[in-house]
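Please keep the structure in view while reading.

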Amino acid sequence: MSEAETNVKKQIEKARVLHAALGAACLADPEVGGLLVALDLRVKASDSFMVSSGVAMACGRCAEATGSCCFKEMGESYGFIELLANRLLGAELPRERELPGGCFFVGKKGCTLKTRHSFCLNYFCPELIAFLGEKTVLELQRQVGEQLSLGWELERALTRYITRSIPERL
Ligand code: SF4
Ligand code: SF4
């Protein structure tokens with residue numbers, strides 16, 4: 001197993017352990033819980049727009065034909081705080097890579113994460129941009145911007161919460 005693969009699995013395991021230890025308390029914390037609710041609503045609205053605008057269909061077809069643009073290296077940059085945020089939002093974190101050569105978090109039905117990095121949300125290939133048109137791309141970028149901002153606030157709040165609760169875990 002490569003060092004990068006070992007590290008992804010370590011980050012996932014750390015997120016699982018923290019979720020088991022602090023998950024319920026995080027949900028009850030006013031700041032973290034409030035941000036989780038806001039981000040969950042934002043992600044659901046963005047996902048719904050991805051479907052209605054045709055992004056989900058276009059990227060799904062592309063994934064079947066070419067394996068999509070979810071490369072191996074992209075999943076390797078996720079740390080345990082982002083993965084804990086995903087667990088708290090209900091994402092099932094994979095134990096093994098499903099698609100050989102692809103991102104650790106991509107499955108046959110697409111990305112298994114709920115809150116993602118900027119490069120995962122902001123990349124629209126030229127073919128997709130041409131298919132969607134400028135107006136739809138601008139609306140997608142607006143929604144993605146809100147999602148990223150809430151995700152960033154949640155990660156900061158989670159870090160503060162863990163530092164207060166069990167600093168030895170950071
Ligand atoms: S953004 Fe483009 S390359 Fe990436 S999955 Fe969608 S259609 Fe394919
Ligand atoms: S969108 Fe999801 S599956 Fe694709 S690269 Fe990002 S984390 Fe991986």
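Ala, Val, Leu, Ile, Met, Phe, Trp, Tyr, Cys and Pro count as nonpolar, Asp, Glu, Lys and Arg as charged, and the others, Gly among them, as polar.

The model is predicted: local features need pLDDT of at least 70, side-chain atom pairs count only at pLDDT 80 or more, and totals for chains, interfaces and linings use all residues. Residues are numbered from 1 along each chain as its sequence is written, chains are lettered from A and ligands numbered from 1 in the order in which they are written, and side-chain values use heavy atoms, with hydrogens and water left out.

## Ligand 2

The shell of ligand 2 is formed by Cys70, Met74, Tyr78, Cys103, Phe105, Val106, Cys111, Leu113, Arg116 and Cys120. It has 9 nonpolar, no polar and 1 charged residues.

## Nonpolar cores

The largest nonpolar core has 32 residues. Such a core is a set of buried Ala, Val, Leu, Ile, Met, Phe, Trp, Tyr and Cys residues joined through side-chain atoms within 4.5 Å. Buried means under 20% relative accessible area, exposed over 50%, and partly exposed in between (1.4 Å probe, protein chains only). Val32, Leu83, Phe105, Leu154 and Leu158 touch the most other members. Two or more residues come from each of α1 (3–28), α2 (30–53), α5 (80–88) and α8 (134–165). Helices are DSSP runs (H or I, at least four residues), numbered from the N terminus.

Beyond its neighbours within four places in sequence, Leu158 is in contact (heavy atoms within 4.5 Å) with Cys26, Val32, Ile81, Leu84, Ala85 and Leu88. Another core lies apart, with 7 residues, among them Met50, Val55, Val137 and Leu140.

Gly23 lies in helix α1. Its relative accessible area is 4%, so Gly23 is buried. Leaving out residues up to four places away in sequence, Gly23 touches Leu18 and Leu88. Gly23 and Ala85 are 62 residues apart in sequence, and their C-alpha atoms are 9.7 Å apart.

Glu139 belongs to helix α8. Glu139 is partly exposed, because its relative accessible area is 24%. Glu139 and Phe104 are 35 residues apart in sequence and 29 Å apart in space, C-alpha to C-alpha.

Terms used
Near = heavy atom within 4 Å.
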